[in-house]
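Here are my notes on this one, jotted down as numbered points.

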Amino acid sequence: MTRNDRRQLRAILLAGVGVRLAFLWWVTPLELWADEGQYVYQAVSWNHFGFYLGSPGWVWPPGYPAYLAPFLAAFGEAGIFAAKLGQVLLSGVVGGSIAWFAARLFSARAAKWAAAAWAVYLPLIGFTHYLWPETLFLAALLPALALFLRLVDGDARRPLRDALASGALIGVACLFKEAPLPLLAFLPAVLVAAGTRDTLRVRVGLAAVLVLAATAVLAPWSARTTSVYGRFAPSGATLGENMYQGWNAGYVNFDYAGAPAMTTVTESASFGRWFVEPPPDALQWSRSEAPNTLARNADNVARGKAFARAHPGFFVRSRIKKVADWFTPLNFFHRHHRLEVYSGSIASPWVRRALAFTSVAQTCVVLVAGLGGLFLGVANGRRRWTLLAYCATFLAGAAVVSMSRYRLPIEPLLIVLGAGWIAGRDGAPAPSPASRRLAWAAWAALGAAWLINLREILFIGGRGF
């Protein structure tokens, strides 16, 4: 990459941060919505009582309340704006990581395309002015994946340092959301199996360092949860509540907030209703009333598994629907407009319609182009397995409960892959016939997911326009 390329990239990234600053100013004040109020409550309670209260329904990792707490302590109510300002600035790490991935996987031109796409990508912009942990989570996780990719490529100047830093950053990400925990199994397996110039013994050692570094970061919090609840939890413990929502007779999708989800499906498409309508004998199971949160979490997991075993046909049908929900072109930025959470000039009819429509269109382009880049752009098998392991980690959540927010961790990589596919890779050979078949299979699966949800998407999506 030339000096001019780097200068142009810096300008694009600064412009992206500037766009986010403009949106933050534009949408302020913004009322708290759903989980945002819980995060603020946890942070205020931490400041007032001196410890993390937690929740009776689940154990959230402490990272985001810990981030909010000092802002609220220092600035009071204005601390909410200060915390969002911090998110906007940290979003530059997300943009920089996207550019780095595109340059390494493809070319300098792809890096500029990817950075420009990130700069205006509304679903990611929205989370910089929401009080959800996604921006901070990605600011830790994407650099961790970048460091790991250097290990897999076998050209890290200081592989031990990169393994240590990658594992530590994955640990930090797990203090914001528990979803990356499977990476501590998947990524070491990819590294050990990678045919790099390092010996097998070295690769095993680096994999062990990565896992130990993440474990060291998580150990104090894990010790705390074990002490408080009498059960071990490495990060959060939300699986039981998610299984109550997702492995049950009632259909739930929080992209449809503001209207009963089952009513929405019923009114919009009989085809979609077939996937979520339980048999007459499949009664909704109730939440556990065990004595503490982790015990209730474990009991709810057991109840969800028992329900799935008792109704295997319905379970399979509903999992197909959950995967389709994960690939929906809807997003939380669109949802905020539909629910009229925004106020002022951004909520005026024509502005709202233009932004809501653009956010959905951007999501469609990123999904289609990202899948193309994954199979037609990334030629190196080790790199492809790394990206597949990363994507599979977050797609696995769709087997439990699903909505567009759970797809957000892979959208930066989809931007990278899509930009690389469009801009091309330096010295890239033509895709193999097998890669072409995989790409077409992936696009067919995406089309099937959209077809399953088509009338719902039109029914819900039209309300944002």
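**Notes on the model**

1. Let's start with a salt bridge: Glu241 pairs with Arg287, and their closest N and O atoms are 2.8 Å apart. (A salt bridge here is a side-chain nitrogen of Lys or Arg within 4 Å of a carboxyl oxygen of Asp or Glu.) The pair links distant parts of the chain, with Glu241 in helix 11 and Arg287 in the loop between helix 13 (270-276) and helix 14 (293-310), 46 residues apart. Helices are DSSP runs of H or I, at least four residues long, numbered from the N terminus. Glu241 is buried at 11% relative accessible area, while Arg287 is partly exposed at 39%. For those words, buried means under 20% relative accessible area, exposed over 50%, and partly exposed in between, with a 1.4 Å probe and protein chains only.

2. Before going on, a word on what you're looking at. This is a predicted model, in which local features need pLDDT of at least 70 and side-chain atom pairs count only at pLDDT 80 or more, whereas totals for chains, interfaces and linings use all residues. Residues are numbered from 1 along each chain as its sequence is written, and side-chain values use heavy atoms, with hydrogens and water left out.

3. How many salt bridges does a search of the whole structure find? The count is 13. One of them joins the side chains of Arg104 and Asp153, at 3.0 Å from N to O. Arg104 sits in helix 4 and Asp153 in helix 7 (residues 134-153), so this pair ties together parts that are 49 residues apart in sequence. Arg104 is partly exposed at 22% relative accessibility, and Asp153 is buried at 15%.

4. Next, have a look at Arg405 and Glu134, whose side chains meet in a salt bridge of 2.8 Å, N to O. Arg405 is in the loop between helix 18 (381-395) and helix 19 (411-423), and Glu134 is in helix 7, so the pair ties together parts that are 271 residues apart in sequence. Arg405 counts as buried because its relative accessibility is 7%, and Glu134 is buried too, at 2%. Both belong to a network of salt bridges that links Asp35, Glu134, Lys177 and Arg405.

5. Now the cysteines. A search of the whole structure turns up zero disulfides, a disulfide being a pair of cysteine sulfur atoms within 2.5 Å. For Cys174, the nearest cysteine sulfur is that of Cys391, 17 Å away. Cys391 is likewise in no disulfide, and its nearest cysteine sulfur is that of Cys174. Cys174 is buried, at 0% relative accessibility, and Cys391 also counts as buried, at 14%.

6. Two surface patches deserve a look. Arg3, Arg6, Arg7 and Arg10 gather in a patch of positive charge. Arg7 is in helix 1 (residues 3-27) and is partly exposed at 45% relative accessibility. Leu21, Phe81, Leu85 and Leu89 make a nonpolar patch of about 330 Å². Helix 4 (residues 79-105) gives the largest share of that one, three residues, and Leu85 in this helix is partly exposed at 32%. Patch residues have over 30% relative accessible area and no salt bridge; like charges are joined within 9 Å, and nonpolar side chains (Val, Leu, Ile, Met, Phe, Trp, Tyr) within 5 Å. Lys and Arg count as positive and Asp and Glu as negative, leaving out His and the chain ends; a charge is placed at NZ of Lys, CZ of Arg, CG of Asp or CD of Glu. The areas come from the Shrake-Rupley method with a 1.4 Å probe, and for residues only the protein chains shown count as cover.

7. Most residues other than glycine have a negative phi, and most peptide bonds are trans. Thr28 and Pro29, however, are joined by a cis peptide bond with omega of about 0°. Pro29 is in the loop between helix 1 and helix 2 (35-49). Ala34 lies in the loop between helix 1 and helix 2 as well, and has a positive phi of about 55°; at 52% relative accessibility, Ala34 is exposed. Glu340 has a positive phi too, near 60°. You'll find Glu340 in the loop between helix 16 (332-338) and helix 17 (349-376), exposed at 62%.

Conventions:
Helix = DSSP H or I, 4+ residues; strand = E, 2+ residues; numbered from the N terminus.
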